[in-house]
Amino acid sequence: MADDLMKRVAILGSTGSVGRQTLDVVRSFPEHLSVVGLAGWSNSELLEAQIGEFNPKITWSRGLSEETQNVSDGLEEMATHPDVDVVVVATTGFSSLSPTLAALRLGKTVALASKEAVVMAGSIIQREIQSGGKLFPVDSEPSAIWQCLQGESSEVSGLTLTASGGAFRDRSLDQLDDVTPEEALAHPTWQMGAKITVDSATLMNKAFEIIEARWLFGVDWDRIQAVIHPQSIVHSFVEFHDGSVKAQLAFPDMRLPIQYALMYPERISGGFAERMEIEKLGSLEFYPLDDTKYPCYREGLKAARLGGTYPAALCGADDVAVELFLGGKISFLAISELVKRVLVEHKSGDETSLEDIVSVGNWARIRAHELAGI
Ligand code: MG
């Protein structure tokens, strides 16, 4: 990497799990990365500490005092600020959509951790990428596909994403009715935020990743699948028409895909990667994903294939359902039931605008609350 290369980074959602791990990466490469923007939500104590450490030019938060808050129009303004080269979008839910699109339109690089943006507005985001916007995935499976595609110009014949199977991999569906939020949050291999960890237990997260792969890499639904891989060492496979299959391997650590997206196209030493001693890996297992065990996964892919505003309804409903489960208001199995009920009520047209997507997302949130009676 050229010694004089310095990327100026804004992090939307800097106090969340991905935001904190992004700052770990920045701390490791101060000669190549500088923080120019930090935005957070409710954890203002941590945000104030991050601002003290990194001294960013621009900050934004709902909770900050007036002196420290100099971007009044929020995330979109930070994402499009002239001093920002790379925008890390790691906010939860709908708030990721408008800053992602705004940054892409200006030709900035977006390192996207918030899958909801692509799930809700996949075709709109795909158009922005086709007209020159750079969107790099910050998640191990889509990052693995992206890494395997480097240097390849032929169309791929298939993508296979791996799934650890989440916290309840070894339980049957009828053993899941009384599981607690604490049990759902005990992910076997990954350290992540609460929403995505529950989405990993229901495998909604894997449906989201398939949707993300479809739009980011332009591969048809029928050519993308997921398999269970309990060790989370192989992050995805890419199959080519000549029968070759490429895979990307790494120990499960979110900081690696974050670092790859921030440093792309360079690979740089001195980060977090533990050297992988292949001879000590032992056996890696792969087996079919039984979708009858994962109703959220089925609902997610069904909504994605229906297209239109169904994925926006899916995201809104899932957001509320997971929130209610984490708050102890509904059971684990009620997450998929609630999502399904909202989707059944929804009717989408073929053509969808950004306004339609946002308003359906909001409708789904409200409807999920009404149907749950909370
Ligand atoms: Mg993932």
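Start by selecting Glu 209: at 0% relative accessibility it counts as buried (buried means under 20% relative accessible area, exposed over 50%, partly exposed in between, with a 1.4 Å probe and protein chains only). This is a predicted model, in which local features need pLDDT of at least 70, side-chain atom pairs count only at pLDDT 80 or more, and totals for chains, interfaces and linings use all residues. Residues are numbered from 1 along each chain as its sequence is written, and side-chain values use heavy atoms, with hydrogens and water left out.

Glu 209 sits in helix α9, residues 204-217 (helices are DSSP runs of H or I with at least four residues, strands are E runs of at least two, numbered from the N terminus). Show its side chain together with that of Lys 206, and you will find a polar contact of 2.6 Å between them (a pair of N or O atoms within 3.5 Å; within protein, one must be able to donate a hydrogen and the other to accept it, and residues adjacent in sequence count only if both atoms are side-chain atoms).

Asp 139 and Glu 141 are both buried.

Now colour the sheet. Five strands form an open sheet with mixed pairing, in the order β10-β9-β7-β8-β11 (two strands pair if DSSP finds at least two bridges between them). Its edge strands, each pairing on one side only, are β10 (245-249) and β11 (287-288). Zoom in on β7 (156-163) and β8 (224-228), which run parallel and are joined by five bridges. One place to look is Thr 160, whose bridge partner in β8 is Gln 225.

Then select helix α8, residues 194-202: seven of its nine residues are buried, so the helix is largely enclosed by the rest of the structure. Among the buried ones are Lys 195, Val 198 and Asp 199. Just after α8, Leu 203 takes a positive phi of about 70 degrees.

Finish at helix α12, residues 310-326. Which part of it is covered? Mostly all of it, with 15 of its 17 residues buried. Just after α12, Gly 328 has a positive phi of about 75 degrees.
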